[in-house]
Amino acid sequence: MHSITLQQITSNFAKTNAGKTLHHPVLLKYIREFLINSSVLQTLESTCKDGKIYIWGAKFERHHQLNKMDWRQCVFLFRQGAIVNEAGVLIVIEVNEELAHHLWGQDSDGETWGIIFFFKELKSGLSIPARVINRIIGYKDTNHWQGLVTITTAQADEVIQLIKTTRAVAEAEK
């Protein structure tokens, strides 16, 4: 079964981090030395032939969400304000505080975002109201997706189909 992970980008720290590693890919050669799991490096090298990778992170307190994420079956939805504007399929995860500190430093709580998520590509230019996603998954229209939340219900497939359809319409209009 597919899953979706809901991520809000609202704090200044999150916005800054998104500008560094989510809105623009990072060259794998710049993070290679920090990767602690050789299988993660192999996966990234074999998947990202151009050597570019998109990266996001989460605090360790969200660790309980990881068991819901099936790599290559989990679509991350990123929202700013009330709009989902980016989506990406998860390639692999590495828990790595040193890499997180290298990429983003510490947030205002003095924590790093040591759960690291890697994406081959992100689809930007989406403009889906978060309330539409919320309705599909059974949340209130005004739910703001605090923290990082993964949904594994059948509604996740409906959301993924919506993302695919929206992306296809946007590409056709270009």
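**View 1. Lys-123 pairs up with Glu-121 in this predicted model.** The two side chains form a salt bridge, and their closest N and O atoms sit 3.1 Å apart. Lys-123 counts as partly exposed, at 24% relative accessibility.

**View 2. Salt bridges with shared partners make a network around Lys-59.** Lys-59, Asp-107, Asp-109 and Glu-111 are the residues joined here. Take Asp-109 to begin with: its side chain meets that of Lys-59 in a salt bridge of 2.7 Å, N to O. Asp-109 lies in the loop between H3 and E6, and Lys-59 in the loop between E3 and E4, so this pair ties together parts that are 50 residues apart in sequence. Buried or exposed, what is Asp-109? Asp-109 is exposed, with a relative accessible area of 54%, whereas Lys-59 counts as buried at 15%. Now for Asp-107, another residue of the loop between H3 and E6. Its side chain makes a polar contact of 3.0 Å with the side chain of Lys-59. Asp-107 is buried, with a relative accessible area of 10%. Setting aside neighbours within four places in sequence, Asp-107 is in contact with Phe-13 and Trp-113 as well as Lys-59.

**View 3. Glu-45 and Arg-32 join a helix to a loop.** The side chains of these two meet in a salt bridge of 3.0 Å, N to O. Glu-45 comes from helix H2, while Arg-32 comes from the loop between strand E2 (26-27) and H2, so the pair ties together parts that are 13 residues apart in sequence. Glu-45 is partly exposed, at 35% relative accessibility. Arg-32 is partly exposed too, at 35%.

**View 4. The largest nonpolar core holds 40 residues.** Trp-56, Phe-117 and Phe-118 have the most contacts inside this core. Among the elements giving two or more residues to it are helices H1 (12-22), H2 (38-47) and H3 (97-104), along with strands E3 (52-58) and E5 (83-95). What does Phe-117 touch? Leaving out residues up to four places away in sequence, its contacts include Tyr-54, Trp-56, Leu-66, Met-69, Phe-76, Leu-90 and Leu-148. As a rule, nonpolar side chains tend to be buried together in soluble globular proteins.

**View 5. Trp-145 belongs to a second, separate core.** This core has 18 residues, including Leu-6, Ala-156 and Val-159 besides Trp-145. Trp-145 sits in the loop between helix H4 (130-137) and strand E8 (148-151). Trp-145 is buried, with a relative accessible area of 1%. Its phi is near 55 degrees, a positive value in a residue other than glycine.

**View 6. Arg-72 also has a positive phi, near 70 degrees.** You'll find Arg-72 in the loop between E3 and E4. Arg-72 is partly exposed, with a relative accessible area of 45%.

**View 7. Thr-166 sits in helix H5 (residues 155-173).** A polar atom of the Thr-166 side chain lies 2.8 Å from the backbone oxygen of Leu-162. Apart from neighbours within four places in sequence, Thr-166 is in contact with Leu-126 and Ile-128. Thr-166 is partly exposed, with a relative accessible area of 23%. As for Pro-25, 141 residues away along the chain, its C-alpha atom is separated from that of Thr-166 by 23 Å.

Methods. Residues are numbered from 1 along each chain as its sequence is written. This is a predicted model: local features need pLDDT of at least 70, side-chain atom pairs count only at pLDDT 80 or more; totals for chains, interfaces and linings use all residues. Side-chain values use heavy atoms; hydrogens and water are left out. A nonpolar core is a set of buried Ala, Val, Leu, Ile, Met, Phe, Trp, Tyr and Cys residues joined through side-chain atoms within 4.5 Å. Buried means under 20% relative accessible area, exposed over 50%, partly exposed in between (1.4 Å probe, protein chains only). Helices (H or I, at least four residues) and strands (E, at least two) are DSSP runs, numbered from the N terminus. Contact means heavy atoms within 4.5 Å. A polar contact is a pair of N or O atoms within 3.5 Å; within protein, one must be able to donate a hydrogen and the other to accept it, and residues adjacent in sequence count only if both atoms are side-chain atoms. A salt bridge is a side-chain nitrogen of Lys or Arg within 4 Å of a carboxyl oxygen of Asp or Glu.
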